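The points below are grouped by topic.

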Amino acid sequence: MSSTIREAGLGADRLGAPKVTPLPARTAANAPVSQAHGIARNPGMKLDLGFMESMRSVNRSALERRVASLTKRRSIKADNQAAWLLRAVACMDLTTLNSNDTDERVRRLCAKAVNPFRRDIVEGLGITGEKIRPAAVCVYHPFVATAVDALRGSGIHVAAVSTAFPHGLTPLSTRLQEIEASVSDGADEIDVVIPRGLVFGAKWQELYNEIVAMRAACGEAHLKVILGTGDLATLRNVMLASMVAMMAGADFIKTSTGKESVNATLPVGLAMVRAIRAYFEETGYLIGFKPAGGISTAKASLDWLVLMKEELGRRWLEPDLFRFGASSLLTDIERQLEHHLTGHYSANHRHAMA
């Protein structure tokens with residue numbers, strides 16, 4: 001993908017040099033940032049096929065080289081690693097999306113979200129009194145009310161997967177009713193999935209119109225648009241679908257449902273975060289990013305955090321702009337933190353199940 005910023009609409013200063021809109025200033029590492037939805041929401045924009053055309057050229061080899069350099073030259077150890085892993089937990093959507101989910105299973109997941117670490121680990125890390133918790137719990141619609149009740153007063157968001165997840169192939173009216181039902185039950189984040197066929201057919205206006213309708217159905221709830229990148233075949237499709245979703249008003253763009261044969265990969269993530277950067281440079285609005293599916297180890301979470309830090313900057317390491325979709329990741333992070341304290345790895349069964 002070319003890194004050249006489109007000149008149209010950016011103008012030039014009085015000396016003739018092109019203007020470049022900088023990314024937001026970095027926040028001090030110790031500055032507290034609320035997990036509430038505190039940034040200006042993306043209002044979307046008119047579908048701009050010219051802007052999309054400027055984003056078509058995606059160089060897979062260059063993206064893969066960039067990803068390889070990030071993961072090889074960044075080594076995070078000791079106390080720094082523990083701090084980054086705690087950041088990963090704070091940016092997590094703790095998720096259960098199984099066919100055998102029950103109300104009790106969801107309550108157990110919410111209890112894990114409220115108290116994600118064993119007491120001895122909390123005391124050993126010196127974080128007693130710090131509210132380091134997942135940003136949200138993500139469930140199917142029938143369990144939204146259960147999660148809302150279990151998390152009341154905790155500050156943890158409730159996200160509902162919607163719109164015929166994971167395939168997105170029911171009539172639009174049915175999908176919109178599902179969104180409205182989840183919002184009515186108390187969900188303040190809605191993860192919707194797009195019909196991938198609209199991307200293959202380059203039906204950009206139809207895809208745009210559907211996402212606009214989904215955004216309207218969400219009301220004040222934040223909209224996370226799942227692209228299903230493992231089904232989209234090419235990075236060009238990923239890039240163009242990302243741009244359409246943001247133009248239509250998405251607050252977050254998300255890689256996968258976790259149900260595809262290929263889910264979140266770093267090259268795909270890099271293409272999507274560069275789309276986010278281009279959209280910010282064009283509009284001034286900050287869009288969140290959520291990789292999901294297959295991120296199950298502490299090491300993998302560090303790779304994603306490094307990618308966000310290097311490509312978009314410190315501001316995108318906050319839960320209002322970055323999330324992991326994860327189920328087993330929290331257990332592995334807890335095991336890694338125990339190893340940091342004791343020098344020994346524990347078995348998974350020594351940690352409360354998420």
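Strands S3 and S4 run parallel and are joined by three bridges. The chain passes from S3 through helix H7 to S4, and this β-α-β crossover is right-handed. The model described here is a predicted one.

- Within the pairing of the two strands, Ala-160 stands opposite Ile-190 of S4.
- Strand S4 comprises residues 189-193, and five of its five residues are buried.
- In a regular strand, side chains alternate between the two faces of the sheet.
- Both faces of S4 are covered, with Glu-189, Asp-191 and Val-193 buried on one side and Ile-190 and Val-192 buried on the other.
- S4 also pairs with strand S5 (residues 222-226), in the parallel sense and over five bridges.
- In S5, His-222 is the residue that stands opposite Glu-189.

**Helix H6 and Leu-151**

- Helix H6 covers residues 144-151, and its buried residues are Val-144, Thr-146, Ala-147, Val-148 and Leu-151.
- These buried residues pack against helix H4 (103-114), strand S2 (136-140), strand S3 (157-161) and helix H7 (172-184).
- Leu-151, which is found in H6, counts as buried because its relative accessibility is 3%, below the 20% cut-off.
- Apart from neighbours within four places in sequence, Leu-151 is in contact with Cys-110, Val-114, Val-137, Ile-156, His-157 and Val-158.
- Leu-151 and Ala-111 are 40 residues apart along the chain, yet their C-alpha atoms are separated by 8.1 Å.
- After H6 comes Gly-153, which has a positive phi, near 85°.

**Helix H8 and Arg-196**

- Arg-196 lies in helix H8, which covers residues 196-200.
- With a relative accessible area of 10%, Arg-196 falls under the 20% limit and is therefore buried.
- The side chain of Arg-196 reaches the backbone oxygen of Ile-194 at 3.1 Å.
- Leaving aside neighbours within four places in sequence, the contacts of Arg-196 are Pro-166, His-167, Leu-227, Gly-228, Asp-231, Leu-232, Thr-257 and Glu-260.

**Helix H12**

- Helix H12 (residues 298-311) has 14 residues, which at 1.5 Å a residue should span 20 Å. The end C-alpha atoms of H12 are 20 Å apart, in agreement with that expectation.
- H12 is mostly covered, since 11 of its 14 residues are buried.
- The buried residues of H12 include Ala-298, Leu-302, Trp-304 and Met-308, and also Asp-303 and Glu-311.
- The buried residues of H12 pack against helices H2 (60-73), H3 (78-90), H11 (266-283) and H13, as well as strands S7 (288-290) and S8 (324-326).
- Just after H12, Gly-313 adopts a positive phi of about 100°.

**Helix H13 and Arg-335**

- Arg-335 has its place in helix H13, which covers residues 329-342.
- Arg-335 counts as buried because its relative accessibility is 18%, which is under the 20% cut-off.
- Not counting residues up to four places away in sequence, Arg-335 touches Tyr-345, Ser-346, Ala-347, Asn-348 and His-351.

How values were computed: Residues numbered from 1 in each chain as written. Predicted model: local features only at pLDDT ≥ 70, side-chain atom pairs only at ≥ 80, totals over all residues. Heavy atoms only, no water. Buried < 20%, exposed > 50% of the residue type's maximum accessible area, 1.4 Å probe, protein only. Helix = DSSP H or I, 4+ residues; strand = E, 2+ residues; numbered from the N terminus. Contact = heavy atoms within 4.5 Å. Expected span 1.5 Å × (residues − 1). Polar contact = N/O pair within 3.5 Å; in protein donor to acceptor, adjacent residues only side chain to side chain. Pairing = 2+ DSSP bridges. Right-handed = clockwise from strand over helix to strand, strands pointing away.
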